Amino acid sequence: MTALPPQQRPAETVRKAADLALSDAVEITLLIALIQGQNTNGINGELDKAGAGRAAVVLRNALIARLVMLIARAYSNPKHGDLHLHVAVCLLKDNMTRQIFLSGNGAGKLATFDKHWAKCRGDHRLPAIKDFRDKY
């Protein structure tokens with residue numbers, strides 16, 4: 001019996017998508033901190049005085065665009081080869097795949113994940129984020 005190619009091993013794909021989602025979450029947190037930091041302590045005024053006001057605006061816009069892209073991709077309908085969070089969600093709907101993650105304290109973690117996913121999918125800001133992404 002030969003090993004299945006990676007695209008046919010749903011549990012491994014879920015793990016890879018979860019790793020990418022964690023990496024995205026860390027980057028999202030950093031982007032938010034950078035954007036908030038730019039808006040505090042007179043940083044924008046100081047950049048303006050130093051002649052870097054336009055550069056700061058370009059940088060802020062790039063940070064916002066990256067933030068929107070990362071958030072929107074987590075909710076995008078999966079396409080062949082994607083590894084974002086929604087891929088894992090779709091794979092975990094399959095009972096056979098879900099069973100792999102239920103051992104130990106996996107059941108509680110999956111229940112928490114399902115609850116958070118439903119809450120995030122229902123966020124009223126998500127359509128505006130997707131719309132911004134599509135227009136960008």
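Colleague: What should I know about the model before I start?
Modeller: Residues are numbered from 1 along each chain as its sequence is written, and side-chain values use heavy atoms, with hydrogens and water left out. The model is predicted: local features need pLDDT of at least 70, side-chain atom pairs count only at pLDDT 80 or more, and totals for chains, interfaces and linings use all residues.

Colleague: Fine. How many helices and strands in the protein?
Modeller: Seven helices and zero strands. Along the sequence that reads α-α-α-α-α-α-α. Helices (H or I, at least four residues) and strands (E, at least two) are DSSP runs, numbered from the N terminus.

Colleague: What radius of gyration does the protein have?
Modeller: The protein has 19 Å, while a compact globule of 136 residues would have one near 14 Å. The radius is taken over C-alpha atoms, and the globule rule is 2.2 Å times the number of residues to the power 0.38. Along the principal axes, the C-alpha atoms fill a box of roughly 65 × 30 × 25 Å.

Colleague: What share of the residues is buried?
Modeller: Of the 136 residues, 24% are buried. Buried means under 20% relative accessible area, exposed over 50%, and partly exposed in between (1.4 Å probe, protein chains only).

Colleague: Which residues make up the largest nonpolar core?
Modeller: Six residues: Ile 28, Leu 31, Ile 35, Leu 63, Leu 67 and Leu 70. Helix 1 and helix 3 each supply at least two residues of this core. A nonpolar core is a set of buried Ala, Val, Leu, Ile, Met, Phe, Trp, Tyr and Cys residues joined through side-chain atoms within 4.5 Å.

Colleague: What is Leu 67 in contact with?
Modeller: Ile 28, Leu 31, Ile 32 and Ile 35, leaving aside neighbours within four places in sequence. Contact means heavy atoms within 4.5 Å. Across the protein, residues 24 or more positions apart account for 66% of the contacts with a separation of 6 or more.

Colleague: Changing topic. Which residues of helix 4 are buried?
Modeller: In helix 4 (residues 85–92), they are His 86, Val 87, Ala 88, Val 89 and Leu 92. Their cover includes helix 1 (10–38), helix 3 (53–75), helix 5 and helix 6 (106–121).

Colleague: What does Arg 98 touch?
Modeller: Leu 92, Leu 110 and Asp 114, not counting residues up to four places away in sequence. Arg 98 sits in helix 5 (residues 95–100). A polar atom of its side chain lies 3.4 Å from the backbone oxygen of Leu 92.

Colleague: Is Arg 98 buried or exposed?
Modeller: Arg 98 counts as buried because its relative accessible area is 18%. Its salt-bridge partner Asp 114 is partly exposed, at 32%.

Colleague: How do the side chains of Arg 98 and Asp 114 meet?
Modeller: In a salt bridge of 2.2 Å, N to O. The pair links distant parts of the chain, with Arg 98 in helix 5 and Asp 114 in helix 6, 16 residues apart. A salt bridge is a side-chain nitrogen of Lys or Arg within 4 Å of a carboxyl oxygen of Asp or Glu. Side chains of opposite charge can pair when their charged atoms come close.

Colleague: How many salt bridges does the count come to?
Modeller: Seven salt bridges. Among them, Arg 125 pairs with Asp 123 at 2.6 Å, and Arg 133 with Asp 134 at 2.7 Å. Asp 123 is partly exposed at 24%, as is Arg 133 at 21%, whereas Asp 134 is exposed at 55%.

Notes: A polar contact is a pair of N or O atoms within 3.5 Å; within protein, one must be able to donate a hydrogen and the other to accept it, and residues adjacent in sequence count only if both atoms are side-chain atoms.
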